[in-house]
Each structure stands twice: as structure tokens, then as C-alpha cells.
Amino acid sequence: MKLCDICKKNPATVQFTQIINNEVKKLNLCEECAEKMGLFSDFFTTAGGTLLSPFLKGLSEFFEEEIRCKGCGLSLSEFQETGKFGCSQCYETFKTQIKGLLKRLHGSLTHKGKTPKILEESVEDRIRRLEEELKEAVKKEEYERAAVLRDKIRELKKRKK
Amino acid sequence: MKLTSFLKKEANWIKEKGEDSDIIVSSRIRLARNLKNYPFPARSKKELQKKIRDEIISKIKKISYLKNSEIFLIEELTPTDKRFLVERHLISYDLAKSKNIGAIVIGDNEILSIMVNEEDHLRIQGLNPGLNLFDTYNIVSVVDDELSKLLSYAYSEEFGYLTSCPTNVGTGMRASVLLHLPAIVKTNQINMLLESLTRLGMVARGFYGEGTKSLGDFFQVSNQITLGLSEREIVDKLERVVKEIIKKEKEVRESYYKREKFEIEDRVLRSYGVLKYAVKLSYQELMERISYLRMGIGLGIKLPVTIELINKIMLLSQPAHLEERLGKSLNFNEQEIERAKLVKSFL
Ligand SMILES: [Zn+2]
Ligand SMILES: [Zn+2]
């Protein structure tokens, strides 16, 4: 009789097929271990080792001082652990460190494709929209946001002239 | 259980549509988007996650295409509800597991859906039956355009749409096709196929997407590269690869059938017998049997079932679908009995 691949103790009664790093693997488990794998144990397994892990090693070897993102406080070593960024500013913060990673993942470093519609609107439209937002911010007494909007509108009007 | 209304509806993606419906099940497009001014969900505290969710939902309500959509808050769903949505391919396994303050917005006919606060603030998804990547992309892209006028997206001229995981940055797009490849699997050629996909910048995942296992010889083939290619280029490339895989599956089926005609016919018809007369059925066994039936239909073996009926059985006999339909939770044993009853009623 086949024994469970995890506990190597109980007879294996449940078979899992999973795809890890593009390879089909078969796991034979006992019901107990299958249950332990979580809520969806009969179909789902969390594939061990993400796609990213081989790329993440050695990312921070050359950087002695810990850099932290101003937007979210994430450090490079934290990124290395999870493979996930904390906020959109992280891309700017760790730009020099992640270029190699992006290149290896995608074979490219520059976006080609659609842009948010907001970037395509005319300056006049943008001013009009921001003024609407400003009114709303004042009405809701969000003064900090209002100040930012006021600056933006001023800057856009200057650019128009 | 808030989802019983869904049981009366047919999931759009199980319909039999277009050529090769014995091999192609469905096409999916997913766009990952984030808001500029907030940390990504994993790095936001609960109150902030709630604020982000409220802001996104208030904007989603303004989109005319999503006028009749239903919105569910993740924390108000039971584990069975969440699993039900995963089974319907409307939310990811990750969101179902997650403790984030999230939401799922489901549009008419379940074609369009938006996950809020999964790994990214927004995951806009389109799902259609058959090989239909371009139309699906167009629907998703229109909704994305509308949302981009109402929400400030995290976007950089250099890296495109900024996402929590660098594997999604750029277009933020994952295009995928759910394929049934029994002959390639049963003749042990699947690992070879998966390897060649990697070289093409493509990847195959299990039946329920990322982090899930393969079931009944179904695979989701999708693009790996998201930066440096336009959305159209990604879709185009995937479509070409998928057509190659279909061609290969057909070739392998034909020679396999020529070589082992009686063996295959025996397995296909026995599978029908098991589904029709079994008293207990595990989902794993059901999927193995269904795999033979689908392949049998593809080979022209006479069977009193259609692909659409098989897809329906596949959908409705999943654990959470059984539980929602009966309105109670079932243990493993009860589940197998109820599944066999349901399947029998269709055959
Ligand atoms: Zn065990
Ligand atoms: Zn950050």
C-alpha cells in the first residue's frame, strides 16, 4: 500500500495533481493531511515556490544599506521575501534594483499598450474635472485634498498660457 | 447563503460555442489595476482597505455597463458562498482565502466581474465560452476605460500599470483559455507541452487558475509576459499558441484512437455507465469520467450526451454548488451520494 507523501505514516487515499513551475506533479495523501491543506483541500493546493523565487535571490546582495519606500515603508529585503510590492511608489524607489528582474521576467523594460483615459484628456477637460473635484472636496471639508487640487489647477492654467 | 439566485441562472462560460468545443471551454481576460494614492491591499490596514473598497464601489456604480450588477462584500459571505464563486470562476482562490476587506461585483450573465482588494485594488475580468479572446478583451477594456476616468490609476509612462506583483506590471493583463487536453495527458505528452509553453512566454495552470491543481485533464493556458507587449499582441500570440495546441491534441487523439480503438471505446462507454449508475461519486472521479466522455464525443463515438450537458454537470456537481442547491452543508459521504443522484438525473 502506498503511504502518504506528507506524513509518510497513513495510507494514501487521495491523489492530487498539481502544477508547480510548469511541471505536473502527483501527490498521494492521506485524508488527514489532505484536510490539513485547508478549506478547499480536495481540489486546491497552494503551489510551493512561486514563479518569482528563483529571480529574487541575490537582489539585495550589493546594497548594504536598507532602502525603504517612502510610500509604504517596504524594504528591499521584505520585497525579496514576498515578491510583492507595497505600493505604486515602490517601482520608483527600487527602480535600479528591479530592472534586471523585470528584464528577466518580461524581456522588456517599457510599457507598450493602453493608457488610462484620464491621461488622454485635453488640458481644458482636465482643469474642468479638477475644478469639479475641488468643489466636492470643499463641500466635504477635505481641505488637504482641496489644497492639492488647487495647486494642480494653478499649474495646469499656467501651462496653458 | 446569499447566492441561491445564481443557481437559477446558467453560467455563461459553460455554453457550447464555436468550433472545437470538445477542446476549448472558455476564454478569459483579466486586467489588474491599482489606485495611485493608496498602498496595495496587502499593505493597507483594514480601515484603509474598507475606504478603498467604498471608493471603488461608488465609482463602479456609475458605469452604465455594470448597472444591473450584483455586489457582494467578501466578509459577508460564508465559506461555502466563497467556494461557490470560485467554482463558477468568478473569484480567485486567493480572494476566497484572503482576509482582506474585499468585494466582488458580478455583471449581467456573469460575463464581466470585478474583484476588489484581491492582490490588487481592482481585478477586472471578462469570461466567455469558446475561443473568444478579442471580444472578451474589448468588453473588459471598455469598462477599464470608464473606470480610469473616475479613479486615479497607478500608472507610469515607463512601466505602465503598476501592480503588486512585478509579474503583472505593464498591461496588467492575463489572457487565458481553458482547454481540455485528454489525449495529450493520457499519452504522457503533457510535460513536454508545458515545457514548450514556458519557452514561448506562456504558462499552464489548473482548473481553477493560479495555485490550483489540474482536474480531469483541463488546463488554463495564459500569457506570462505583461510588459513590453501591447494587449492586442498578447491576445494575438496566445490565440496562435492555443490554435497550435488544439491542432496537436487533435493529431494525438487521432493516432491514439487508431492504435487503441477498443480500449478507448471501452473506457468512454464504461465512463458513461459509471456516471449513470454509480451511487457515490467523488468530484475527482466525476472529472476523470467526464474527461473520457468529452474525448469520446470529440472522436465521434456515439453517446447520448452533448458537450453543453457535460459542462453543466461539471459545474453543478461541484461541492459548493451541491451544498447551495440543497441549502445545507454536506459531509464527504453525503456529497458523493448527492453528486451521483444529480448526475444520474441528467443522464
Ligand atoms: Zn498524511
Ligand atoms: Zn511602496
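User: How many bridges pair β1(B) with β8(B), and in which sense?

Analyst: Start with the general idea: strands of a sheet pair through backbone hydrogen bonds, either parallel or antiparallel. Here, in a predicted model, β1(B) and β8(B) pair over 7 bridges in the antiparallel sense. Two strands count as paired if DSSP finds at least two bridges between them. Helices (H or I, at least four residues) and strands (E, at least two) are DSSP runs, numbered from the N terminus. As an example of a bridge, B:R28 has B:S176 in β8(B) as its partner.

User: What else pairs with β8(B)?

Analyst: β10(B) does, in the antiparallel sense, over 5 bridges. There, B:V177 has B:V221 in β10(B) as its bridge partner.

User: In what order do the strands of this sheet stand?

Analyst: The open sheet of chain B has 8 strands in the order β2-β3-β4-β5-β1-β8-β10-β9, with antiparallel pairing. β2 (70–73) and β9 (202–205) of chain B are the edges; each has a single partner strand, so one side of each lacks a neighbour in the sheet. On average, neighbouring strands are turned by 20 degrees against each other, direction ignored. Angles run from 0 to 180 degrees between N-to-C directions, with axes as lines fitted to C-alpha atoms, for helices over the stretch in contact.

User: Which helix packs on the sheet?

Analyst: That is α8(B), which touches β1 (24–33), β8 (173–180), β9 and β10 (218–223) of chain B. Its direction makes about 15 degrees with that of β8(B). Contact means heavy atoms within 4.5 Å.

User: Are the residues of β8(B) buried or exposed?

Analyst: Buried means under 20% relative accessible area, exposed over 50%, and partly exposed in between (1.4 Å probe, protein chains only). In β8(B), 8 of its 8 residues are buried. B:M173, B:A175, B:V177 and B:L179 point one way, while B:R174, B:S176, B:L178 and B:H180 point the other way.

User: How should I read a core, and which residues have the most contacts inside the largest one?

Analyst: In soluble globular proteins, nonpolar side chains tend to be buried together. A nonpolar core is a set of buried Ala, Val, Leu, Ile, Met, Phe, Trp, Tyr and Cys residues joined through side-chain atoms within 4.5 Å. The largest one here has 91 residues, and B:I114, B:L147, B:L179 and B:L181 have the most contacts inside it. Helix α8 (residues 231–259) of chain B gives the most to this core, 10 residues. Domain 1 (4–253) and domain 2 (260–346) of chain B both contribute, so the core lies between them; the bounds come from an automatic or database domain assignment. Apart from this core lies another of 20 residues, including A:F85 and B:F159.

User: Where is A:S88 found, and what is it in contact with?

Analyst: A:S88 is in the loop between α3 (76–82) and α4 (90–93) of chain A. With 10% relative accessibility, A:S88 counts as buried. Beyond its neighbours within four places in sequence, A:S88 is in contact with B:K36, B:F40, B:A154 and B:L162.

User: What rules apply to the numbering and the values?

Analyst: Residues are numbered from 1 along each chain as its sequence is written, and chains are lettered from A and ligands numbered from 1 in the order in which they are written. Local features need pLDDT of at least 70, side-chain atom pairs count only at pLDDT 80 or more, and totals for chains, interfaces and linings use all residues, while side-chain values use heavy atoms, leaving out hydrogens and water.
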